[in-house]
Amino acid sequence: MNINLHQASDIQCESALASGKADVAFCALPIDTEVFTVHVMKQLPVYFLISTDNPLSVCNKIHVSQLQDEQFITIDEDNKCGEGFNTRCQKAGFVPNIIMRSSDTQLIYNLCQKNAGISFYIGEPASMPEGVTLIPEDPPNVWEVGLVTLTYRKPSKEAKEFIDFFKQW
């Protein structure tokens, strides 16, 4: 089996599926289930990525209302992961101050380390670079991702094998 993997934004993944450039993709949920079929879904915890120089870094958890005066460095707009955060901030009475967007996660980590702003980390906690910490949101938040194909196109044999491989994910 020959598989070509490409990293792309959420919007680019959906577009690649719709245009036939991809047979299967990991897509942020929710998606249009009339157009796409979700074969496997996973919920991943969301954390705030904060410099240890930021006073909030000593918190065990952070409610979004505590972030009103903070600056944010986040993933580019072609990704859906920030949509829910913006909504939660608006419900808390403010619009988040997003000072920069980037698709380069290493750059985001480096800027957070220098206390230039706060970002997000999605997934199980991992070893973080020195100078940054992960703090869960209160109440806990998750990001949903699915392994997706187009509803009207039958997955290829290779795509089915890929999907089957990730069923235990």
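Biologist: In this predicted model, which residues is phenylalanine 72 in contact with, leaving aside its neighbours within four places in sequence?
Modeller: Phenylalanine 72 is found in strand 3, which covers residues 71-75. Once the neighbours within four places in sequence are left aside, the residues in contact with phenylalanine 72 are Leu67, Phe85, Pro96, Asn97, Ile98, Ile99, Met100 and Ile118.

Biologist: Is phenylalanine 72 buried or exposed?
Modeller: A residue counts as buried when its relative accessible area is under 20%. The relative accessibility of phenylalanine 72 is 0%, and therefore this residue is classed as buried.

Biologist: Where is glutamate 137 placed, and which side chain makes a polar contact with the side chain of glutamate 137?
Modeller: Glutamate 137 lies in the loop that runs between strand 6 (132-136) and strand 7 (142-150). Not counting residues up to four places away in sequence, glutamate 137 touches Val46, Phe48, Ile62, Val64 and Arg88. The polar contact, at 2.7 Å, joins the side chain of glutamate 137 to the side chain of arginine 88.

Biologist: What is the relative accessible area of glutamate 137?
Modeller: The cut-off for a buried residue is a relative accessible area under 20%. Glutamate 137 is buried because its relative accessible area is 5%.

Biologist: In what order do the elements of the protein chain run from the N terminus on?
Modeller: The protein chain has four helices and seven strands, and buried residues make up 40% of its 169 residues. Read from the N terminus on, the order of these elements is α-β-β-β-α-β-α-β-β-β-α.

Notes: Residues are numbered from 1 along each chain as its sequence is written. This is a predicted model: local features need pLDDT of at least 70, side-chain atom pairs count only at pLDDT 80 or more; totals for chains, interfaces and linings use all residues. Side-chain values use heavy atoms; hydrogens and water are left out. Helices (H or I, at least four residues) and strands (E, at least two) are DSSP runs, numbered from the N terminus. Buried means under 20% relative accessible area, exposed over 50%, partly exposed in between (1.4 Å probe, protein chains only). A polar contact is a pair of N or O atoms within 3.5 Å; within protein, one must be able to donate a hydrogen and the other to accept it, and residues adjacent in sequence count only if both atoms are side-chain atoms. Contact means heavy atoms within 4.5 Å.
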